Amino acid sequence: MPLVVPLVVILLPLLILPGVLFYYDVTPKIAVLLLGAAAATVFVDWRALRQRKWLAWLLAAEALSLIISTLVSAHPLLSLMGSSWRRLGLIPQLAVLVLAAAAASRGFTPKQIFRPMAAAGVPIALYGILQYFGWDPLLPSAAYRVGEGKWEIVRPPATLGHASYFANWLVFVFFAGLFLERTEKGIWKVVGGVSAGMALLGIVLSGTRGALVAVACGSLYLLWRRRPPWRRLVAPAAALAVVLILLIITPPGQQVRARLRWASEDVWGGARLRLWRDSIGMAIHRPAAGFGPEVFTAAFPAYESKALARAYPDFHHESPHNLFLDALVSQGIPGLAIWLGLCIYGLWMAQRGSKQDAFASAVIGASLVGAIVAQQFTAFVAVTLLYFFLMLVLVETPPTLPPRRLALPVAIPVAALLVFFGIRLVAADGSLEAVHRAVNQGRIRDAAVLYPRAASLGMPADLWYSRSVAQAGARTNNLTDRWAASQQAMLAAQNAVRTSEDPYDAWYNLAALYASRNDFAHTEASLRQAVKAAPRWYKPHWMLAQILQIAGRLDEARAEAQTAVDLAGGKHPEVAQTLSRLSH
């Protein structure tokens with residue numbers, strides 16, 4: 001047990017496997033989480049946890065809430081393992097709770113957790129910094145570059161998949177590094193100082209405003225708790241100011257300046273205010289248990305407002321981008337209450353502090369403050385969720401009872417279940433990557449043989465496969481392969497309307513394939529299903545207007561074209577041109 005949690009703390013943010021797995025930055029992390037939790041199950045000791053009754057009750061309540069919300073979910077299978085963008089469904093979240101319970105019952109000290117955090121922070125922060133400066137041996141830089149020319153911005157994701165997740169994770173690393181730099185000697189003191197500095201630089205270069213505010217709020221909390229003489233802060237503050245000024249005014253800071261310009265033009269954080277309002281409206285429809293974990297992408301379009309759709313007509317929202325609204329939508333009012341309880345518990349216990357180590361409790365409190373602030377603007381991923389719960393574990397004095405293992409009749413089935421899901425996930429993702437290679441290489445018949453295996457292992461990607469194999473067929477000159485690609489694309493498209501996390505997009509893709517075959521009846525039917533799934537999305541209305549025009553149903557076509565123009569928000573002249581043609 002002393003090694004399981006620290007290993008997970010290091011490997012969870014570190015591991016990515018591009019070229020080996022299709023979801024190379026998500027699946028390895030979830031596999032580490034599941035296998036680590038499986039190893040930790042035998043060390044959960046509820047007798048020791050009873051000494052920390054509030055934490056124990058909160059962990060149990062969160063587990064029960066997740067199970068109930070999954071059982072009554074709008075998409076139960078999707079809620080079980082989660083969506084492809086983060087895989088944070090019921091099973092992975094229960095794995096986080098198992099690891100937290102095991103760590104709590106075994107009495108980890110702050111050093112035992114902060115050391116692996118800082119150790120992981122150094123190489124990952126360095127990787128993100130190098131990405132900013134144009135060196136990336138693993139990932140295509142085009143994936144995290146936005147804009148063109150002078151105002152192009154770079155938002156390095158490092159190993160976390162997105163700049164926001166990278167920066168929010170670095171908030172934990174920053175405070176862990178501060179703790180080690182202050183309390184350790186020798187190599188760990190150096191690691192602490194380096195990790196804190198690199199974490200701060202990584203956050204700045206990521207351009208993530210929420211993480212910067214989080215570090216500032218956590219630092220203010222730490223200063224308030226410790227109240228150091230102000231003269232001791234002058235030198236580090238001045239050094240930090242000089243570094244930031246040099247970064248901004250020198251050529252290497254061009255992307256930072258571009259990001260500042262973008263931020264000044266988007267003071268309110270893009271779609272967030274409207275998204276939060278619509279998420280509350282959505283939650284009202286299922287207040288008791290929510291819509292289930294990880295179903296926001298599929299369920300939200302039915303509740304999206306016209307104002308949000310018009311402002312961001314080409315954007316699909318994967319979460320409410322807010323910790324508490326995410327809990328409210330996915331788990332209902334009980335889930336929101338539990339998460340409020342977790343945050344209050346953590347901050348209250350940090351404020352009470354430990355007389356033996358007041359500085360540690362202050363740093364843990366600062367980490368919690370930073371994490372809570374950061375998560376007001378984005379969603380948890382596996383690594384930030386686990387780190388948050390580990391802060392809750394550290395915030396209270398460890399148990400004094402000698403630990404004992406959980407009864408094996410309970411631990412072994414739980415561990416076996418977690419191992420099963422972990423191995424199955426990796427096997428499915430590996431199979432999907434083999435399909436990906438075959439499609440990219442134009443081996444359409446090989447892809448047709450390989451894809452059913454990935455789908456049978458519980459990782460259907462029918463919408464992606466349909467589009468990818470259709471594009472591969474369009475590129476080939478072999479008529480047999482082209483026909484096979486067409487058949488595969490249609491079959492996958494028909495399956496996608498049942499399996500996709502984005503049903504509205506799946507129906508739209510199916511309509512496009514039917515249209516390419518001049519099957520107007522099925523095209524219209526598919527488009528109307530897309531409209532039903534996402535009534536505020538302009539594209540199916542626009543395509544439907546064109547189909548109705550061909551069918552000679554001009555009044556209906558004009559009505560759909562007018563709806564498309566209204567929902568496009570003036571951002572697509574070609575949509576207005578369709579209405580103009582129909583009006584003459």
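Tutor: One definition to begin with: a residue is buried under 20% relative accessible area, exposed over 50%, and partly exposed in between. Keep in mind that we're looking at a predicted model.

Student: Okay, so is R536 buried, exposed or partly exposed?

Tutor: Its relative accessibility comes to 34%.

Student: Which residues gather with R536 in the patch of positive charge?

Tutor: This patch lies on the surface. Alongside R536, its members are R274, K306, R310 and K571.

Student: Switching to rings, how many aromatic pairs are there?

Tutor: Two rings pair if their centres lie within 6.5 Å. By that rule, the count of aromatic pairs is 23.

Student: Take F114 and F179: is that pair stacked, edge-to-face or tilted?

Tutor: The ring centres of F114 and F179 are 5.0 Å apart, with 50 degrees between the planes. Stacked would need under 30 degrees and edge-to-face over 60. At 50 degrees, the pair is therefore tilted.

Student: How many residues apart are F114 and F179?

Tutor: F114 belongs to helix α7 (residues 110–132), while F179 belongs to helix α8 (residues 163–183). The pair thus links distant parts of the chain, and the separation is 65 residues.

Student: Are F114 and F179 buried or exposed?

Tutor: F114 has a relative accessible area of 0%, and F179 comes in at 2%. The cut-off is under 20%, so F114 and F179 are both buried.

Student: What about W339 and F380, at what angle do their planes lie?

Tutor: Those two rings also form an aromatic pair, 5.5 Å centre to centre. The pair is tilted, with an angle between the planes of 35 degrees.

Student: How far apart in sequence are the parts that W339 and F380 tie together?

Tutor: W339 lies in helix α16 (residues 323–352). F380 is in the loop between α17 (358–374) and α18 (382–394), so the parts tied together are apart by 41 residues.

Student: Last one: which helix holds I67, from the nonpolar surface patch?

Tutor: I67 makes that patch of about 450 Å² with L64, I68, L71 and V72. I67 is partly exposed, at 34% relative accessible area. Its place is in residues 53–71, helix α4.

How values were computed. Residues are numbered from 1 along each chain as its sequence is written. This is a predicted model: local features need pLDDT of at least 70, side-chain atom pairs count only at pLDDT 80 or more; totals for chains, interfaces and linings use all residues. Side-chain values use heavy atoms; hydrogens and water are left out. Patches are made of residues with over 30% relative accessible area and no salt bridge: like charges are joined within 9 Å, nonpolar side chains (Val, Leu, Ile, Met, Phe, Trp, Tyr) within 5 Å. Accessible areas come from the Shrake-Rupley method with a 1.4 Å probe; for residues, only the protein chains shown count as cover. A salt bridge is a side-chain nitrogen of Lys or Arg within 4 Å of a carboxyl oxygen of Asp or Glu. Lys and Arg count as positive and Asp and Glu as negative; His and the chain ends are not counted. The place of a charge is taken as NZ of Lys, CZ of Arg, CG of Asp or CD of Glu. Buried means under 20% relative accessible area, exposed over 50%, partly exposed in between (1.4 Å probe, protein chains only). Rings of Phe, Tyr and Trp (its six-membered ring) pair if their centres lie within 6.5 Å; planes under 30 degrees apart count as stacked, over 60 as edge-to-face and the rest as tilted. Helices (H or I, at least four residues) and strands (E, at least two) are DSSP runs, numbered from the N terminus.
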